Amino acid sequence: MRILLITLAALALLATVNCERRNIADSAITAQVKSKLAVEPETDSLKINVETNNGAVTLTGTVPTQAEKAQAEQIARNTEGVTRVINNITVASNSTGENGAGVAAEDLMILSKIRARYVAEGIVGANVEVKDGVVTLKGNVKNAQSKIRAESIARATSGVKNVDNLIVVNQ
């Protein structure tokens, strides 16, 4: 037990020495908002991207209703550490994909596979969009390895035709 506590303390010290507190706090806020969106039955977290910079949360993506847009904003506002919310979510109730449900089913499968791998591998800050099998990666990641890994995961996902990697590495 004592070794575990010492190890945890050492890891905490390294985290504070090697990373800016702001980036850690922003990453934590982003993770909290995404988690809350994922468990909220009235929001589709796959369609909402979350980015945090100095406590300001920016929401982007496309949802089918104004109510879902408002709910996402409320969730972000009620998250500890959030200083303000910029809600750039668009409402597109008439957009339809191949299946008539807003986004093509194949694109949704690609999106969910990529996001699941990102979560499993701890890639934070990369936002994914898929249209007709073309993946666009945006957002900010902590290092070049995360950017490269994010693209590699996307390219290796079944059904992906091309990947546009617009991810920015935080300096």
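S2, helix H3 (residues 66-77) and S3 form a right-handed β-α-β unit. Right-handed here means that, with the strands pointing away from the viewer, the path from the first strand over the helix to the second runs clockwise. Helices (H or I, at least four residues) and strands (E, at least two) are DSSP runs, numbered from the N terminus. The model is predicted: local features need pLDDT of at least 70, side-chain atom pairs count only at pLDDT 80 or more, and totals for chains, interfaces and linings use all residues. Residues are numbered from 1 along each chain as its sequence is written, and side-chain values use heavy atoms, with hydrogens and water left out.

**The sheet**

- Three strands make an open sheet in the order S1-S2-S3, with mixed pairing. Two strands pair if DSSP finds at least two bridges between them.
- Strand S1 (48-53) and S3 are the edge strands, each pairing on one side only.
- From one strand to the next, the twist averages 10°. Angles run from 0 to 180 degrees between N-to-C directions, and axes are lines fitted to C-alpha atoms, for helices over the stretch in contact.
- H3 packs on the sheet and touches S1, S2 and S3. Its direction makes about 160° with that of S3. Contact means heavy atoms within 4.5 Å.

**The parallel pair**

- Strand S2 (residues 56-63) and strand S3 (residues 84-91) run parallel, joined by 8 bridges.
- Val 57 stands opposite Val 85 in S3.
- Val 63 stands opposite Val 91 in S3.
- Strands of a sheet pair through backbone hydrogen bonds, either parallel or antiparallel.

**The nonpolar cores**

- The largest nonpolar core has 17 residues. Such a core is a set of buried Ala, Val, Leu, Ile, Met, Phe, Trp, Tyr and Cys residues joined through side-chain atoms within 4.5 Å.
- Ile 114, Tyr 118, Val 128, Val 135 and Leu 137 touch the most other members.
- H4, strand S4 (126-131), strand S5 (134-141) and helix H5 (144-156) each supply at least two residues of this core. H4 gives the largest share, 4 residues.
- Another core, of 14 residues, lies apart from it; Ile 48, Val 50, Ala 72 and Ile 75 are among them.

- Arg 115 lies in helix H4 (residues 105-121). Arg 115 is buried, with a relative accessible area of 17%. Buried means under 20%, exposed over 50%, partly exposed in between (1.4 Å probe, protein chains only).
- Leaving aside neighbours within four places in sequence, Arg 115 contacts Ser 45, Leu 46, Lys 47, Ile 48, Asn 49 and Val 128.
- Not counting residues up to four places away in sequence, Val 128 touches partners including Asn 49, Leu 111, Arg 115 and Thr 136.
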